[in-house]
Amino acid sequence: MNHESSPAGPANGGLSCADARLQASAWLDGEWPSSDPLREHLAACEGCRAAVDGMRALSARLAPLRFDAPARDLWPGIAAAVSRRRDPASRGEGSSRRPLVLRAAAALVGCAATLGLLTALEGRDRRAGGGGTQAERTHWPAALHDDGGGAYSLRADFEGQLLALLARENGGRQEDGSKER
Amino acid sequence: MEPQEQDDDLIARLQAGDLGALESCYRLHGARIHGLCRRMLGRDHAEDAVQEVFVKVIERAAGFRGGSRLSTWLHQVAVNHCLKRLERERLRRTLEIPASAACRDGEERLRAVDDREQIERALSGLAPEQRAVIVLRELQGLDYAEIAAVLEIPVGTVMSRLFRARTRLLEQERMRTEGPRALGALPT
């Protein structure tokens, strides 16, 4: 097969091989008129005739791939997917929003519980007349780190103390899941 | 009912969110959209893609302004979906071809299966934009104006992109049959 190309010239319809092949490609699709320059070029150029034959053969080889219906009916899956997206209770977007709301609620409950616990412990210290060790008579507000804007978080170095106190208060009962009264 | 009237009726119902209209749309065009997704993404991804495309169809129907046939718009939704998926996943792998079940069949059938596998592999080796034009033209049978509408490119670009895709496929074929020496005489 000779695929050498030649520039445009009077002997080949005034078309370069690149232009002739581009036009021939569209002509095979019925999208380009069978013009005299193209006909003359193909008549004179063996390489371009071979290229056109190759493109024609390629279309024939692609033809068996044309009819490719799915092996099963996909409609039930499509209908279910549309229904899921329409139903806020089961749609994916809803489930991505819900955790955010739940996380915010959990954070609020966590903050309230921590503050409540700290207040209760401080009150107990006061009632006990400052009993216990100095570490146990911790000035609890100092355990809070001011995050600014009225927000507080527990300082990391007090977290261990708090956990140790809790363990002692509960007498180890929390390990089996029971609650202290 | 004329095809255009049928289109208009389906589009109006789709825009109203009618699930029955979507089913009609799937029954009419599903096989072709599946063929498109199959050739763009490969067999393993085709069914998922068809499902995602038809979900997009009912969700985006309100935005369809009727400037083209329903089938053209469906192809546009499907091609864009496939191109985005290819881009996202950089799915440029060779299409998985099942081990030939026709090994003991006649020699002619074996050749046909082999040829189909080769041409599928060659298609999967094209750049996504070239694959899209060759699939839309050769497999979906769209004309240049329809392809231009689907891909939102000028008709002249369709013409040149198709020519380059064909040239590339023929180059691959020559490389396969003639080996590296074919490189010395590539068509220009």
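From the N terminus on, the elements of chain B run α-α-α-α-α-α-α-α. The secondary structure of chain B thus comprises eight helices and zero strands, where helices (H or I, at least four residues) and strands (E, at least two) are DSSP runs numbered from the N terminus. This is a predicted model, in which local features need pLDDT of at least 70 and side-chain atom pairs count only at pLDDT 80 or more, while totals for chains, interfaces and linings use all residues. Residues are numbered from 1 along each chain as its sequence is written, and chains are lettered from A and ligands numbered from 1 in the order in which they are written.

Chain A has six helices and two strands, arranged from the N terminus as α-α-α-α-α-β-β-α. Buried residues make up 14% of the 181 residues in chain A and 36% of the 188 residues in chain B. A residue is buried if 20 or more other C-beta atoms lie within 10 Å of its own, exposed if 12 or fewer, and partly exposed in between, with C-beta atoms placed from the backbone. Among contacts in chain B between residues at least 6 apart in sequence, 65% join residues at least 24 apart; two residues are in contact if their C-beta atoms, placed from the backbone, lie within 7 Å.

At 1.5 Å a residue, its 20 residues should span 28 Å, and the end C-alpha atoms of helix 4 of chain B are 28 Å apart, which agrees; the expected span is 1.5 Å times one less than the number of residues. Among the buried residues of this helix are B:Trp73, B:Val77 and B:His81. The buried residues of helix 4 pack against helix 1 (3-15), helix 2, helix 3, helix 6 and helix 7 of chain B. B:Asn80 also lies in helix 4 of chain B, but B:Asn80 is partly exposed, with 16 other C-beta atoms within 10 Å. The C-alpha atoms of B:Asn80 and B:Leu151 are separated by 7.9 Å, although these residues are 71 residues apart along the chain.

Two packed helices are described by the angle between their axes and the distance between the axes. Axes are lines fitted to C-alpha atoms, for helices over the stretch in contact, and angles run from 0 to 180 degrees between N-to-C directions.

Helix 7 (residues 144-151) and helix 8 of chain B pack at an angle of about 100 degrees, with their axes 8 Å apart. Helix 7 and helix 8 of chain B are therefore roughly perpendicular to each other.

Finally, the two chains meet: 36 residues of chain B are in contact with 31 residues of chain A. Helix 2 of chain B gives the most to the side of chain B that touches chain A, with 10 residues.

Note on methods
Parallel < 35°, antiparallel > 145°, perpendicular 65-115°, else oblique.
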